[in-house]
Amino acid sequence: MGKFVLAGKADCPYYAKAELLADLLQGSLPNFRIHKISIHPDEWEGWLETTCNTNGWKHKQSPLIWRELISRGGRGRLLGGFSDFLEYCQEYYGTMSDMLTDMMLKIAAENLETKTKLIEEDRRCASLIQPIHIWISSALNPTCQSLIPYLLSLEVFSRASAISLHLLDLEGDEEVLQGLRMEAEDLSLPLLHQVTIHTDLEQAFQEANVIILLDDRWPEDSDREKEEEEVEEKEVEEKEKKRLLRRISARYRDYGRLIDERAHKEVAAIVAGDSFINLKCCLLLENAHSIDSCRFVAVATQLEYEARAHIAKKLRVRTSDVTDVIVWGNISGSFCVDLQRAKVFNYNGAIKGPAFFSQPVLETLHDRKWLETDLEGLVGCQRLAVASQTHRAASMSAANGILTVLKMWNSTSSPDEVLSLGVLCPGQYNLPDGIVFSIPVIFK
């Protein structure tokens with residue numbers, strides 16, 4: 001059994017004539033099947049070129065008619081235009097078309113009107129869908145893969161009707177990004193509206209509502225000098241650090257400028273990763289002049305949770321039983337773990353209470369030497385320890401820290417919960433103006 005495909009411009013009278021002839025044959029022959037493709041005149045040339053290139057055909061006019069041999073795997077065989085289709089029908093079915101010119105023109109006009117109405121209806125329906133646009137940079141970072149299933153859930157975006165996910169990786173392989181896009185689509189999550197991939201900044205952060213920056217991989221400088229063997233190792237490390245800072249500065253200045261130009265003014269921009277987090281956030285702020293500084297944060301939550309895990313292990317409780325730990329300072333550099341407000345629940349000590357009963361950590365953990373000399377070192381080395389054991393980055397804990405920030409930002413967690421975040425500190429806590437510093441934060 002064969003299926004005939006009729007494609008043409010919606011206002012083409014010969015497409016209308018072929019359409020009527022095909023309808024007549026389908027109504028009288030049990031094994032004759034047709035499929036119609038009506039194309040708006042403005043889109044016809046592009047559609048025709050793409051279709052012909054895909055199938056290796058040569059055809060320049062409307063209509064375009066081919067036969068799909070369903071019993072042989074669906075491969076198409078080009079018939080040609082209207083005259084070719086008419087000749088085919090006369091030879092095989094003994095049928096001719098006697099449609100008058102006036103009728104041809106009338107049906108062509110009706111086809112165009114119907115197609116125009118369908119396009120307008122599709123546009124109207126599309127306008128009713130207002131997805132949240134989430135952009136993730138360095139999308140091939142393992143943290144991104146851990147994030148995606150949770151970003152597309154109502155647990156994080158409880159008021160979202162749809163989410164468009166945009167995956168950006170300037171150093172990434174486009175084929176690998178395509179694979180990640182396919183995997184995200186295969187999740188079949190109801191909130192997912194679309195997934196796009198990008199390997200350049202041409203469209204980056206367009207209409208962004210949420211931006212998650214994970215950049216920790218950097219290309220080599222094209223003008224990198226060869227180091228001489230006699231140069232001291234310390235000097236080499238210093239030069240490497242300066243090169244890295246130049247690359248980071250250039251990248252994040254571009255990010256800040258593009259966010260300022262293209263993102264929504266109420267964007268939530270989250271900087272995460274393992275290096276120069278405070279600096280990256282500061283560079284964004286310096287170049288996104290029209291967006292409120294409170295829309296940019298650097299994630300210290302992963303550090304906070306790592307500190308809670310070490311304290312919980314010391315007190316022999318679950319990590320979730322330790323709360324209100326604060327991280328101050330440079331998130332990926334010199335920081336301080338503050339336990340003045342920290343509490344512990346379900347501690348098996350001299351004083352016990354119900355599940356809601358808590359005690360100050362500083363009153364239950366008496367090993368002051370461990371607190372003062374060991375804790376911050378353990379927290380600072382935790383990700384390296386995880387990587388050495390698993391031979392991969394600590395992506396799950398990084399993703400969890402980002403998701404915690406998003407939940408609080410979207411009011412899906414307790415409004416009284418305190419979180420450690422790197423934010424711009426305009427004179428607060430006796431800190432200099434214009435620096436990004438990790439401090440205790442609540443969302444209102």
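I take buried as under 20% relative accessible area, exposed as over 50%, and partly exposed as in between. The model I am reading is predicted.

**Entry 1**

Phe276 is not a glycine, yet its phi is positive, about 50°. I find Phe276 in the loop between strand E9 (268–271) and helix H8 (277–287).

Ser138 also went on my list. Its phi is near 50°, a positive value in a residue other than glycine. Ser138 sits in the loop between strand E5 (132–137) and helix H5 (142–151). Is Ser138 buried or exposed? Ser138 counts as buried, because its relative accessibility is 6%.

**Entry 1. A cis peptide bond**

I checked omega from Ser62 to Pro63. The value is near 5°, and the bond is cis. Pro63 belongs to the loop between H2 and strand E3 (64–69).

I tested the length of H2, residues 41–55. With 15 residues at 1.5 Å a residue, H2 should span 21 Å, and the end C-alpha atoms are 21 Å apart, so the two agree. I noted Trp44, Leu48, Thr51 and Cys52 as buried in H2. Gly56 follows H2 with a positive phi, near 75°.

Which residues of H3 are buried? They are Phe82, Phe85, Leu86, Tyr88 and Cys89. These residues cover an arc of only 160° around the axis, so they lie on the same side of H3. On the other side of H3, I find Ser83, Glu87 and Glu91 exposed. Gly94 comes after H3, and its phi is positive, near 65°.

**Entry 2. Salt bridges**

I count 18 salt bridges. I followed Arg251 in detail. Arg251 pairs with Glu171, the closest N and O atoms being 2.6 Å apart. Glu171 is in the loop between strand E6 (163–168) and helix H6 (174–186), while Arg251 is in helix H7 (residues 233–262); the pair links distant parts of the chain, 80 residues apart. Glu171 is partly exposed at 31% relative accessible area. Arg251 counts as buried at 10%.

Arg251 also forms a salt bridge with Asp215, with closest N and O atoms 3.1 Å apart. Asp215 lies in the loop between strand E8 (210–213) and H7, so this bridge ties together parts 36 residues apart in sequence. Asp215 is buried at 3% relative accessible area.

Glu240 is partly exposed at 26%, whereas Arg243 is buried at 6%.

I also logged a salt-bridge network that links Glu19, Asp23 and Lys36.

**Entry 3. Asp338**

Asp338 is in strand E13 (residues 335–338). The side chain of Trp328 makes a polar contact with the side chain of Asp338 at 3.0 Å. The backbone nitrogen of Gln340 lies 2.9 Å from a polar atom of the Asp338 side chain. Leaving out residues up to four places away in sequence, I find Asp338 touching Asp324, Val325, Ile326 and Trp328.

Notes. Residues are numbered from 1 along each chain as its sequence is written. This is a predicted model: local features need pLDDT of at least 70, side-chain atom pairs count only at pLDDT 80 or more; totals for chains, interfaces and linings use all residues. Side-chain values use heavy atoms; hydrogens and water are left out. Helices (H or I, at least four residues) and strands (E, at least two) are DSSP runs, numbered from the N terminus. A polar contact is a pair of N or O atoms within 3.5 Å; within protein, one must be able to donate a hydrogen and the other to accept it, and residues adjacent in sequence count only if both atoms are side-chain atoms. Contact means heavy atoms within 4.5 Å. The expected span of a helix is 1.5 Å times one less than its number of residues. Buried means under 20% relative accessible area, exposed over 50%, partly exposed in between (1.4 Å probe, protein chains only). The arc is that of the directions from the helix axis to the C-beta atoms. A salt bridge is a side-chain nitrogen of Lys or Arg within 4 Å of a carboxyl oxygen of Asp or Glu.
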